[in-house]
Amino acid sequence: MGLDIRWPIGLMFTLIGVLLTGYGAVKASDSMSLGININLVWGLVLLAFGVFMLFGAIKGKKNPPAV
Amino acid sequence: MQPILLQWIDYTILIAYVAFVLGIGWALARYMKTSADFLTSARSIPTWVTGLAFISANLGALELVGMAASGAKYGISTAHFYWVGAIPAMIFLAVFMMPFYYGSKARSVPEYLQMRFDNRVMGLNAIAFAVMTLFASGISMNALAKLLNQLLGWNYDFALWICSAVVLLYVLKGGLTSAIYTEVLQFFMIVLGFAPVVYLGLKDIGGWTAMNHSLKTVATNNGFADNAWSSAWQPLIGGPSHNPMGVDIFAMVFGLGFVLSFGYWCTNFLVVQRAMAAKNMTAARNTPIVASIPKMFFPFLVIVPGMIAVVLATMPDKNYRIPPPPIAQEKYAQAIDEVKAATPDTAAAAITGISTTLGAKVDAGKLTSLITDNATAKLTDAQIKTGIYNSIAENDYDGVIFSLVKKYCPAGLLGLALTALLASFMSGMAGNVTAFNTVWTYNLYQAFFVKGKSDTHYFWAGKVTTIAGILLSIACAYFAKQYNNAMDIIQLVFGFVNAPLFATFLLGMFWARTTATGAFFGLFGGIASSAVFHALTIAKGNAPGVKGGYLSVVSTFPSEMAQNFWLASFAFTVCLVLTLVISLATARTKSDADLKGLVYSLTPKTFDSNQPIWQRPAVVGVVLLIVCVIMNWYFW
């Protein structure tokens with residue numbers, strides 16, 4: 001199918017990653033769990049994953065796989 | 001106990017997810033031109049995508065809820081559903097069976113049966129499968145709606161219809177591809193949404209070693225040897241009375257590890273359909289291989305939370321209990337009034353009254369001290385409510401995973417975890433509906449009712465079937481609302497339908513002499529024998545009825561799980577023997593030439609030597625089996 005799934009995955013996790021990181025940074029006191037600012041930490045993980053997927057999608061667009 | 005209040009950040013994450021799945025549907029809609037695009041993805045999808053969809057179609061939300069519950073009830077032995085009950089069968093599917101499914105160009109598993117045998121066998125399998133997928137989908141949607149009702153205070157009907165509508169929209173737009181894509185999205189949501197919960201839980205109880213240490217206390221408190229929760233195999237070897245599952249090793253290895261597992265993974269079109277959508281034979285064969293890698297490590301994501309919960313419950317300073325069955329807020333309010341009205345002298349009568357009000361067993365000691373405390377110094381309503389909550393003497397293990405999410409997730413992460421859960425329920429429905437519409441459209445509608453129409457006709461039939469499938473699922477959801485233990489019912493249906501089925505495939509694929517008549521009556525006899533077996537046996541502690549034994553009780557099993565495993569083993573054997581005997585007694589209707597590509601001995605072997613070594617299913621399969629053996633050995 002013409003749609004590379006890495007686009008929606010990458011975009012969605014980048015978006016959620018930014019949201020969570022931002023929320024964790026601004027509302028640090030509401031983001032604590034066991035003394036960790038889990039929203040900030042996990043938001044960054046999601047962001048990294050999202051960007052990784054987007055990177056793959058962009059690379060895939062430049063070099064379409066031979067079918 | 002109180003419904004969770006979501007913040008705007010949680011709703012934003014939820015809405016973002018729904019927007020993305022709908023967007024995927026819309027983006028794919030323009031590629032949907034033929035019935036094959038819509039119903040089978042026109043065999044176009046890369047391996048890693050079909051592989052993750054394969055595992056995701058299996059990782060329903062009920063599995064998340066049920067596996068955490070089992071982790072709490074049975075400990076690490078629950079991992080047998082993965083290491084014994086999944087990995088070997090998935091590798092067998094990849095190496096031996098996919099070449100026939102994919103190579104025969106069948107569009108579904110029932111269609112393979114039609115090519116190998118005849119219309120009767122296909123019809124029987126297609127009908128059984130169609131009914132089963134609708135029920136699976138309905139049971140899962142019912143669980144979702146109930147959950148949203150209890151957890152977030154949403155209206156049951158609203159939750160059911162709105163989630164079904166989202167699924168309907170994206171499946172109607174993008175067909176199977178849409179379902180597969182959202183399954184992949186859901187896979188990452190589940191992994192990334194629940195991993196922090198597991199991490200925080202483990203950190204809270206002091207880490208892995210501390211958990212295993214505390215599990216010893218849990219085991220001895222429940223009257224078992226101290227390794228009953230932390231060892232996977234040793235408690236099984238001791239026999240049914242030495243492990244909390246109440247299962248013996250034969251039932252585990254043959255019943256679960258062979259019959260149920262191979263019956264599910266190798267013949268269930270819901271998962272096999274994902275592999276059939278792959279772009280070529282290698283991709284199709286590697287689909288279950290790719291899927292088995294995350295599958296092997298899922299116990300740490302889905303079972304460990306249950307183990308964390310039982311350990312937490314033994315730590316008084318953590319202020320945690322396994323949640324009690326859900327009880328309406330009004331009943332709590334009424335019970336609070338009863339506690340307030342009671343005095344230490346009337347405590348005994350009040351406790352009986354409170355138990356009746358709540359509709360649950362209560363711990364008389366805890367309630368008596370609550371009443372005494374309230375009589376000496378007036379407690380607030382909230383304190384009394386907590387007291388009542390903690391004195392309910394029943395556990396609802398299905399609530400374990402949410403209680404942990406609630407305990408550890410602040411706003412934000414909570415939205416992520418709940419969205420992951422919602423995603424998994426919805427993609428479960430989408431998976432079932434896409435499998436249902438392919439089987440209905442191609443194997444029942446086209447094969448028996450309206451033959452020889454144009455492809456456009458079947459394309460539209462597929463779309464109409466999607467709508468009908470969703471509506472029937474909703475009907476099944478309302479039906480399932482009547483029954484409490486949905487997981488048991490699913491297991492039961494799998495036992496009835498899937499267990500004998502693998503015997504049919506095994507003989508059909510590997511013994512050319514198997515005849516259509518033999519297969520049909522063997523399968524029919526197998527399914528019938530499951531029903532009879534169920535009607536005549538029961539598990540210890542159950543009353544005859546829906547749990548079995550409704551005709552008469554010939555045999556009693558130590559647990560329901562043991563009953564299910566033995567039922568499957570019995571049905572498989574009946575189907576195998578009947579098919580063998582009837583095949584030998586009837587004449588073959590298909591020649592060797594007809595069976596080329598359908599039967600192992602009559603098909604040229606697939607050679608993978610032109611593939612790089614890491615893409616050869618047999619090689620990677622063996623490596624994965626070795627890893628699986630190591631895992632079993634480690635948790636011995």
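How many helices and strands are there in chain B? Chain B holds 26 helices and 2 strands, where helices are DSSP runs of H or I with at least four residues, strands are DSSP runs of E with at least two, and both are numbered from the N terminus. The model is a predicted one, in which local features need pLDDT of at least 70 and side-chain atom pairs count only at pLDDT 80 or more, while totals for chains, interfaces and linings use all residues. Residues are numbered from 1 along each chain as its sequence is written, and chains are lettered from A and ligands numbered from 1 in the order in which they are written.

The overall form of chain B may be considered next. Its C-alpha atoms fill a box of roughly 90 × 55 × 50 Å along the principal axes. Of the 636 residues in chain B, 56% are buried. A residue is buried if 20 or more other C-beta atoms lie within 10 Å of its own, exposed if 12 or fewer do, and partly exposed in between, with C-beta atoms placed from the backbone. Among the contacts in chain B with a separation of 6 or more, 80% involve residues 24 or more positions apart; two residues are in contact if their C-beta atoms, placed from the backbone, lie within 7 Å.

Chain A has 2 helices and 2 strands, arranged along the sequence as α-β-β-α. Because its radius of gyration of 15 Å is well over the 11 Å that the globule rule gives for 67 residues, chain A is more spread out than a compact globule. The C-alpha atoms of chain A fill a box of roughly 50 × 15 × 15 Å along the principal axes. Buried residues account for 37% of the 67 residues in chain A.

The two chains also meet. In this interface, 24 residues of chain A are in contact with 33 residues of chain B. On the side of chain A that touches chain B, two or more residues come from each of α1 (6-26), β1 (32-33) and α2 (38-62) of chain A. The largest share of that side, 9 residues, is given by α1(A). By residue type, the side of chain A that touches chain B has 18 nonpolar, 5 polar and 1 charged. Here Ala, Val, Leu, Ile, Met, Phe, Trp, Tyr, Cys and Pro count as nonpolar, Asp, Glu, Lys and Arg as charged, and the others, Gly among them, as polar.

Within chain B, helix packing can be followed in two pairs. Two packed helices are described by the angle between their axes and the distance between the axes. Helix α18 (residues 364-376) of chain B packs against helix α19 (residues 381-391) of chain B at an angle of about 165°, the axes being 9 Å apart. The axes are lines fitted to C-alpha atoms, for helices over the stretch in contact, and angles run from 0 to 180 degrees between N-to-C directions. The angle therefore makes α18(B) roughly antiparallel to α19(B); angles under 35 degrees count as roughly parallel, over 145 as roughly antiparallel, 65 to 115 as roughly perpendicular and the rest as oblique. Lys366(B), Leu367(B), Leu370(B) and Asn374(B) of α18(B) make the contact with Ile384(B), Gly387(B), Asn390(B) and Ser391(B) of α19(B). These residues divide into 3 nonpolar, 4 polar and 1 charged.

In the second pair, helix α9 (residues 156-204) of chain B and helix α15 (residues 304-313) of chain B pack at about 30°, with axes 10 Å apart. This makes α9(B) roughly parallel to α15(B). Val197(B), Val198(B), Gly201(B) and Leu202(B) in α9(B) meet Val304(B), Pro305(B) and Ile308(B) in α15(B). The contact of α9(B) with α15(B) includes 6 nonpolar, 1 polar and no charged residues.

Finally, two loop residues deserve attention. Most residues other than glycine have a negative phi. Leu34(A), although not a glycine, has a positive phi of about 50°, and lies in the loop between β1 and β2 (36-37) of chain A. Lys105(B), also not a glycine, has a positive phi of about 65° and is found in the loop between α6 (87-103) and α7 (109-116) of chain B. Lys105(B) counts as exposed, because 12 C-beta neighbours lie inside 10 Å.

Definitions and conventions. Rg over C-alpha atoms; globule rule 2.2 N^0.38 Å.
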